[in-house]
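Work through the exercises below with the sequence and the model side by side, and try each task before reading its solution.

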Amino acid sequence: MAQVDIIHLFKQAALEVNGKKLDQLSKDTVISKLGLDSVAVMELVSYFEEKLNIRMPDEDLAKVQTLGDLGGLVKRLVPPGTEVSW
Amino acid sequence: MTSTREEVEIGYDISNEFFRLWLDERMHYTSAVFDAEHTTLEQAQRNKSRWLADFAEVKPESLVLDIGCGWGANLEYLVLERKVQRAHGLTLSRAQAAEIMARKLPGVNIWCEDYKDFTPTEKYDALISIEMIDHLVSPAQQQEGLAIPIYREYFNQVAKWVKPGACFGFQAILRDRVPRGRKDLEDLKFTADVIFPGGLNPRLEELIAACGQSWEVIQLNTRRVDYGKTTAEWLRRLRLNKDKIMASGWGTKVMANGETVWTNYERYLSTCVKAFANHWSSDVQMKLRLKD
């Protein structure tokens, strides 16, 4: 069964795409409070989409505020049987 | 918070004469509506006003309010072409208010204040608002999930200003797909940060969710292609007038990001053309009727 660890992937994305090391992330972390501008956030979204081979609908992305929200959206889009954890 | 007077004035107060060089003769700074009979920018802008006045069911005896009336282009259409005897306008920009006063439009009164502070002296027969809602929610508020509540508060407040059965001719720029490429994202961010600070275009579903408490959506037309044509024509006219813009000194004025007005406005309008072509942005006109 495939596994996706949202926090691990988010940290990896921030480091690879934005060169930013993020610590102490949780399900409740508010993405807009991480000091990333809108360009950086969308680059992270792109990273997730490429790695997971999904496309996040823009109307759903507009509602994402926390890493928990992001995980919930990813969970809906990955193939059945994929385990999404934080 | 909503765009402040200072933020609105960054977007509109460089110089009325600067905007006059690349907008149409009445200075509509919103999407036109093109069709087979309205092919020039001037014709298509009047056609836009016609659609909205029809949506608002405006008659000569109607008392009409234009919320976010810009330089008065739509008010001018209402009183000169629709023969409306009394039309009121609300704007936050002092330069725009001064321009409207200078036009000496018969039957027009202007309030230079925030809609939240506005207290109408009598109830209106019809409302029109053209792309003013794009200034109501900041990107930070959207990220906090406040967009729909703020739009709902707006729609509910203006509903208190009208007579039973009144209609509202409403137009908004919309955000749609989000590009994924860095250059495109930076161009959009530049437009939001430098040209229209403090504002964010709504998504269509946010507007529908927000307006329904007070207003029934009777008709809805998207105008993405029209806005693409409008901004392409603005860009063509801007470039055509480059010498005048530079010679006047407006073009070389430095803006907050350290770039000149010329550089910023050419980039902004080029980005708009791309945004409408690629579905990053759209535009909507809605006919709303008060739920009595």
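This is a predicted model: local features need pLDDT of at least 70, side-chain atom pairs count only at pLDDT 80 or more; totals for chains, interfaces and linings use all residues.

Residues are numbered from 1 along each chain as its sequence is written, and chains are lettered from A and ligands numbered from 1 in the order in which they are written.

**Exercise 1.** Describe the overall build of chain B.

Solution. Begin with the secondary structure, where helices (H or I, at least four residues) and strands (E, at least two) are DSSP runs numbered from the N terminus; chain B has twelve helices and seven strands. Next take the extent: along the principal axes, the C-alpha atoms of chain B fill a box of roughly 50 × 45 × 40 Å. Then compare the radius of gyration, taken over C-alpha atoms, with the globule rule of 2.2 Å times the number of residues to the power 0.38: for 292 residues a compact globule would have a value near 19 Å, and the 18 Å of chain B agrees with this. Finally, 46% of the 292 residues of chain B count as buried, where buried means that 20 or more other C-beta atoms, placed from the backbone, lie within 10 Å of the residue's own.

**Exercise 2.** Follow the chain from strand E1 (63–67) of chain B to strand E3 (residues 108–112) of chain B.

Solution. Strands pair if DSSP finds at least two bridges between them, and E1(B) pairs with E2(B) in the parallel sense over five bridges, with B:Leu65 opposite B:His88. E2(B) and E3(B) run parallel and are joined by five bridges, and B:Gly89 stands opposite B:Ile110.

**Exercise 3.** Is helix H4 (residues 73–80) of chain B mostly covered or mostly uncovered?

Solution. Seven of the eight residues of H4(B) are buried, so that the helix is mostly covered, and among the buried residues are B:Leu75, B:Tyr77 and B:Leu78. These buried residues pack against helix H3 (41–55), E1, E2, H5, E3 and strand E4 (124–130) of chain B. For E2(B), five of six residues are buried, so this strand is largely enclosed by the rest of the structure.

**Exercise 4.** Which residues have the most contacts inside the largest nonpolar core?

Solution. A nonpolar core is a set of buried Ala, Val, Leu, Ile, Met, Phe, Trp, Tyr and Cys residues joined through C-beta atoms within 7 Å. The largest has 53 residues, and those with the most contacts inside it are B:Ala56, B:Val64, B:Leu78, B:Tyr124, B:Ala126 and B:Leu127. Strand E5 (residues 162–175) of chain B gives the most to this core, with eight residues.

**Exercise 5.** How many residues of chain B are in contact with chain A?

Solution. Counting two residues as in contact if their C-beta atoms, placed from the backbone, lie within 7 Å, 14 residues of chain B touch twelve residues of chain A. H8(B) gives the most to this side of chain B, with four residues.

Terms used:
A residue is buried if 20 or more other C-beta atoms lie within 10 Å of its own, exposed if 12 or fewer, and partly exposed in between; C-beta atoms are placed from the backbone.
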